[in-house]
Amino acid sequence: MLKKFLRDVITLVAGKQAEKITDLLDSEKYINEFLIAKKLDITINQTRNILYKLSDHGLVSSIRKKDKRKGWYTYFWKIEVLSSMVFLKNIFEKRIEQLSNQIKSREMKEFYVCERCNIEFNEENALVYDFVCNECGGIFSRKDNSKVIKDFKKNMDKIEKELRFIEEEIKNQKEKLENRKIREIKKEKEERKAKRKKKNKSLKKTTKKEVMKKSKKKISKKKTAKKPKKIKKTKAKSTRKKILKK
Ligand SMILES: [Zn+2]
């Protein structure tokens with residue numbers, strides 16, 4: 001059902017030749033525009049024209065990636081389900097309003113018809129022509145509005161049902177986006193937390209190492225500092241002893 005509506009929107013905006021694009025575009029991942037052109041069997045320029053038309057109404061979105069070797073950009077496209085459904089919702093609401101006006105007008109006014117030419121006139125125009133068809137000379141007959149009203153109402157019911165589905169889909173899509181946002185924020189927070197932890201750990205490690213290094217240096221300094229003194233002393237003693245002996 002969603003796919004059908006997406007197809008409807010896309011054909012409404014970009015014409016019948018764009019219909020197949022709906023099946024190629026994804027709502028989750030971006031598709032290479034050259035691949036779209038190849039699959040549709042049309043030129044890249046034709047493909048881009050369709051995609052730009054759709055993009056003008058926010059029905060599709062794109063990202064670009066630079067080709068490292070060739071140095072140019074390639075565009076990747078994806079369908080925007082929420083915007084597409086909102087776009088279709090507006091169209092359906094307008095149609096319902098039009099139908100409702102037509103039903104009202106049929107309920108209040110008389111219409112006349114030349115059955116031979118199948119042309120319809122409202123009361124004012126029928127009066128202008130004096131109820132005679134200027135094409136065939138036939139006399140107008142009064143239109144049975146009840147059948148027309150019945151058809152309009154049937155059509156309106158159908159559109160209202162579809163509208164309810166679209167509104168439901170809009171709700172779903174909004175929830176989906178909201179949940180994705182929450183997930184992303186959560187992920188970001190966790191990543192930041194993990195980074196901080198890592199930083200703290202490495203900071204602790206370095207301080208520990210530094211402390212160890214410093215204390216080792218102190219110890220070795222103490223040791224090296226004490227030893228030569230002793231040697232000097234003993235040397236001095238021994239030289240003194242030697243002197244005394246002499
Ligand atoms: Zn006629």
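Trainee: With which residue does the side chain of Lys 176 meet in a salt bridge (3.6 Å, N to O)?

Mentor: This is a predicted model, in which local features need pLDDT of at least 70, side-chain atom pairs count only at pLDDT 80 or more, and totals for chains, interfaces and linings use all residues. Residues are numbered from 1 along each chain as its sequence is written, and side-chain values use heavy atoms, with hydrogens and water left out. A salt bridge is a side-chain nitrogen of Lys or Arg within 4 Å of a carboxyl oxygen of Asp or Glu. At 3.6 Å, N to O, the side chain of Lys 176 meets that of Glu 28.

Trainee: How many residues apart are Lys 176 and Glu 28?

Mentor: Helices (H or I, at least four residues) and strands (E, at least two) are DSSP runs, numbered from the N terminus. Lys 176 belongs to helix H7, whereas Glu 28 sits in the loop between H2 and E1. The pair thus links distant parts of the chain, with a separation of 148 residues.

Trainee: Which residue forms a salt bridge with Lys 89?

Mentor: The two partners both lie in helix H5, four residues apart, about one turn of the helix. Lys 89 is partly exposed at 22%, and the other residue is partly exposed at 32%. With the closest N and O atoms 3.4 Å apart, the partner of Lys 89 is Glu 93.

Trainee: What distance separates the closest N and O atoms of Arg 192 and Glu 188?

Mentor: Both residues are in helix H7, four residues apart, about one turn of the helix. Glu 188 counts as partly exposed, at 46% relative accessibility. The closest N and O atoms of this salt bridge are separated by 3.9 Å.

Trainee: Why do the buried residues of H3 lie on the same side of the helix?

Mentor: In helix H3 (residues 33-40) the buried residues are Glu 33, Ile 36, Ala 37 and Leu 40. The arc is taken from the directions from the helix axis to the C-beta atoms. These residues lie on the same side of H3 because they cover an arc of only 100°.

Trainee: Which exposed residues are on the face of H3 turned away from its buried side?

Mentor: Contact means heavy atoms within 4.5 Å. The buried residues of H3 pack against helix H2 (21-24), strand E1 (31-32), helix H4 (44-56) and strand E3 (73-79). The face turned away from the buried side carries the exposed residues Lys 38 and Lys 39.

Trainee: In the open sheet of three strands, what is the order?

Mentor: Two strands pair if DSSP finds at least two bridges between them. E1 and E3 run antiparallel and are joined by two bridges, with Ile 31 having Trp 77 in E3 as its bridge partner. The edge strands are E1 and E2 (60-66), each pairing on one side only. The pairing in the sheet is antiparallel, and the order is E1-E3-E2.

Trainee: Which residue of E5 stands opposite Tyr 112?

Mentor: Strand E4 (residues 111-114) is joined by four bridges to strand E5 (residues 119-122), the two running antiparallel. They form a hairpin with four residues between them, and Asn 118 in the turn has a positive phi of about 55°. Phe 111 stands opposite Asn 122, whereas Tyr 112 stands opposite Phe 121.

Conventions. Buried < 20%, exposed > 50% of the residue type's maximum accessible area, 1.4 Å probe, protein only.
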